[in-house]
Amino acid sequence: MRMRLALAEKGIEYESKEENLQQKSPLLLKSNPIHTKIPTLIHNGKPICESLVILQYIDETWNDRSPLLPTDPFERAQARFRADYIDKNVYNTMWRILWKGVEDEKEL
Ligand SMILES: N[C@@H](CCC(=O)N[C@@H](CS)C(=O)NCC(=O)O)C(=O)O
């Protein structure tokens with residue numbers, strides 16, 4: 001969703017490929033061999049992995065329009081802090097509950 005929002009904000013056309021995460025495609029395994037996760041952006045034939053890294057790449061590559069972060073350094077730091085907080089404290093828990101069931105919550 002982060003990628004979709006960023007690309008829409010920048011007005012970039014793209015092709016999206018759905019992944020079956022139970023049976024990952026050879027393209028995903030080749031493009032993101034370390035984590036084998038989505039999202040993985042392939043731009044000019046080169047893969048970029050990790051959503052926050054991809055966001056930064058999109059912002060820097062299409063830097064002539066719709067900046068994704070505020071211009072003020074403090075506000076930028078705040079935005080990065082929030083994204084990092086969500087990744088470290090919210091995302092993994094949500095993912096595990098959604099995909100492994102509430103029972104597994106006990107292990108968290
Ligand atoms: N830190 C990664 C997390 C990516 C992630 O967990 N992606 C999930 C789908 S939203 C995934 O590919 N799961 C498959 C797996 O864990 O094997 C990022 O921000 O890109």
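1. Helix 1 (residues 2–10) buries M3, A6, L7 and K10. These four span an arc of only 95° around the axis, so they sit on the same side of helix 1. The arc is taken from the directions from the helix axis to the C-beta atoms. Buried means under 20% relative accessible area, exposed over 50% and partly exposed in between, with a 1.4 Å probe and protein chains only. Helices are DSSP runs of H or I, at least four residues, and strands are runs of E, at least two, numbered from the N terminus.

2. A note on the basis. This is a predicted model, in which local features need pLDDT of at least 70 and side-chain atom pairs count only at pLDDT 80 or more, while totals for chains, interfaces and linings use all residues. Residues are numbered from 1 along each chain as its sequence is written, and side-chain values use heavy atoms, with hydrogens and water left out.

3. L5 and A8 are exposed, on the other side of helix 1. The buried residues of this helix pack against helix 3 (51–61), with contact meaning heavy atoms within 4.5 Å. Just after helix 1, G11 has a positive phi of about 70°.

4. The largest pocket has a volume of about 1,700 Å³. Of its 41 lining residues, M3, K37, I38, P39 and T40 are the closest to its centre. Two or more lining residues come from each of helix 1, helix 2 (26–31), strand 1 (40–43), helix 3 and helix 4 (73–100). Helix 4 gives the largest share, eight residues.

5. On pocket terms: a pocket is an open set of points on a 1 Å grid over the protein atoms alone, where a 1.4 Å probe fits, with protein on both sides within 12 Å along at least five of seven lines; lining residues have an atom within 4 Å of a point. A volume is the space filled by probe spheres set on the points.

6. The lining of the largest pocket has 20 nonpolar, ten polar and eleven charged residues. Domain 1 (1–68) and domain 2 (70–108) each provide at least three of the lining residues. The domain bounds come from an automatic or database domain assignment.

7. The second largest pocket has a volume of about 620 Å³. It is lined by 21 residues, with L52, L55, L68, L69 and A83 nearest its centre. Helix 4 gives the most, seven residues. Both domains contribute to this lining, so the second largest pocket lies between them.

Methods:
Ala, Val, Leu, Ile, Met, Phe, Trp, Tyr, Cys and Pro count as nonpolar, Asp, Glu, Lys and Arg as charged, and the others, Gly among them, as polar.
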